[in-house]
Amino acid sequence: MMIRKTLLSCALKKRATKLSAGSLMVLCLSTGAALVPLTVHAQNFESAQRQQLDSVVAVVNDGVIMRSELDDRIAQVEQQAAAQGGNLPPRNQLAQQVLERMVMDEIQLQMARRANLSVDDTELNRQLRSIAESNGMTLDQFADAIEADGMTLADVREDVRREMLMRQVQQRQISQRVTVSDRDVERFLSQQPSQQQGQAFIEETRARHILVELTPTRNENQARARAEEARQRLQQGADFASVAREYSDDRGSAMNGGDLGWVRPGQTVPAFEEAMTSLSPNQLSEPVRSQFGYHVIEVLERRRQDVTEESRREQVRQAIFQRRANEELQTWQREIREQAFVDIRL
């Protein structure tokens, strides 16, 4: 069973959906880019012999790629080809192709280290769980399958971490090099047959809030009392923005006077949304408890938005961005390969 490729790489590729123009999501990677070097596993006498014969096959800037790593990667590719019934080029040509992909991986990982990028353990665990679920397994079943293939969950975690780091580097670089303007979207839509679409509306609420968190030095009663104190000051005519900057523990919105902008259904936690929905414009809520603490909420205004046309335009924007991003990824990889010091020693 080819756990490393069929479960790991393919699942990662499924997860690598698209990089949005307004947020850093995930670039679709080619199959070659998803290959991840195998770790050298010490196995008694055979491993000792292997380590004695190990040698450097490539110098990449200030890093090296060892013969044992290349052999592991080649073995992985050969196993995959055998499982899928594919044909491979001659061994020496295959080694050159595999080593070139490893060089590209090493360059990108070095860039990640220089940029002090890291992968949070919570996000890493979420990714592993997603890989398991995409293959119809629980995380425990996935770990058992990995062990049956002669590996450990720690090995796979490291491979996934490396892949995620490379994607972070790619996202940072490509998102700065690709833009999609409103004119691009309009031009694309003008070239499409006119479509009759039904309208779909949602109600958006523009709101602001003050959040008082529970902390090691502020218990439930103290947090509620502080939220009530902020509310009383607002009722006495104090400026909301000033009170928010003084009282609110939501530092992001506090710097903006507590303003949350336009909020759509489902974008806030249920307790907050329920309280916000019940308010009329310019009405102030009682302190509302959520998992974040106590909120004092004020609704400023409401509006209806046609999301059918908006959704269509966003889909077009994403499609144009993704196509350009994939093209730019290849250009960028050629550039960083040319700029790197690489000494192949096959």
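This is a predicted model: local features need pLDDT of at least 70, side-chain atom pairs count only at pLDDT 80 or more; totals for chains, interfaces and linings use all residues.
Colleague: What is the strand order in the open sheet of 4 strands?

Modeller: The order is 4-3-6-5, and the pairing is antiparallel. Strand 4 (259–263) and strand 5 (288–290) are the edge strands, each of them pairing on one side only, and from one strand to the next the twist averages 40 degrees.

Colleague: And how many bridges join strand 3 to strand 6?

Modeller: Strand 3, residues 201–212, and strand 6, residues 293–306, run antiparallel and are joined by 12 bridges.

Colleague: Okay, which strands does helix 9 touch?

Modeller: Helix 9, which covers residues 220–235, packs on the sheet and touches strand 3, strand 5 and strand 6, with its direction at about 55 degrees to that of strand 6. Helix 13 lies across strand 3 and strand 6 as well, and it runs at about 90 degrees to strand 6.

Colleague: Staying with helix 13, at what angle does its axis cross that of helix 4?

Modeller: The axes of helix 4 (residues 91–114) and helix 13 (residues 307–339) cross at roughly 85 degrees and come within 10 Å, so helix 4 is roughly perpendicular to helix 13.

Colleague: Which residues make that contact?

Modeller: From helix 4 they are E100, R101, V103, M104, I107, Q108 and M111, and from helix 13 they are W332, Q333, I336 and R337. By type, the residues of this contact divide into 6 nonpolar, 2 polar and 3 charged.

Colleague: Changing topic: where is S248, and is it buried or exposed?

Modeller: S248 is in the loop between helix 10 (240–247) and helix 11 (251–254). With a relative accessible area of 0%, S248 falls under the 20% cut-off and is therefore buried.

Colleague: So what is S248 in contact with?

Modeller: If its neighbours within four places in sequence are left aside, S248 is in contact with H209, I210, L211, V243 and A254. For L211 there is a distance to quote as well, since its backbone nitrogen lies 3.2 Å from a polar atom of the S248 side chain.

Terms used. Residues are numbered from 1 along each chain as its sequence is written. Side-chain values use heavy atoms; hydrogens and water are left out. Helices (H or I, at least four residues) and strands (E, at least two) are DSSP runs, numbered from the N terminus. Buried means under 20% relative accessible area, exposed over 50%, partly exposed in between (1.4 Å probe, protein chains only). A polar contact is a pair of N or O atoms within 3.5 Å; within protein, one must be able to donate a hydrogen and the other to accept it, and residues adjacent in sequence count only if both atoms are side-chain atoms. Contact means heavy atoms within 4.5 Å. Axes are lines fitted to C-alpha atoms, for helices over the stretch in contact, and angles run from 0 to 180 degrees between N-to-C directions. Angles under 35 degrees count as roughly parallel, over 145 as roughly antiparallel, 65 to 115 as roughly perpendicular and the rest as oblique. Ala, Val, Leu, Ile, Met, Phe, Trp, Tyr, Cys and Pro count as nonpolar, Asp, Glu, Lys and Arg as charged, and the others, Gly among them, as polar. Two strands pair if DSSP finds at least two bridges between them.
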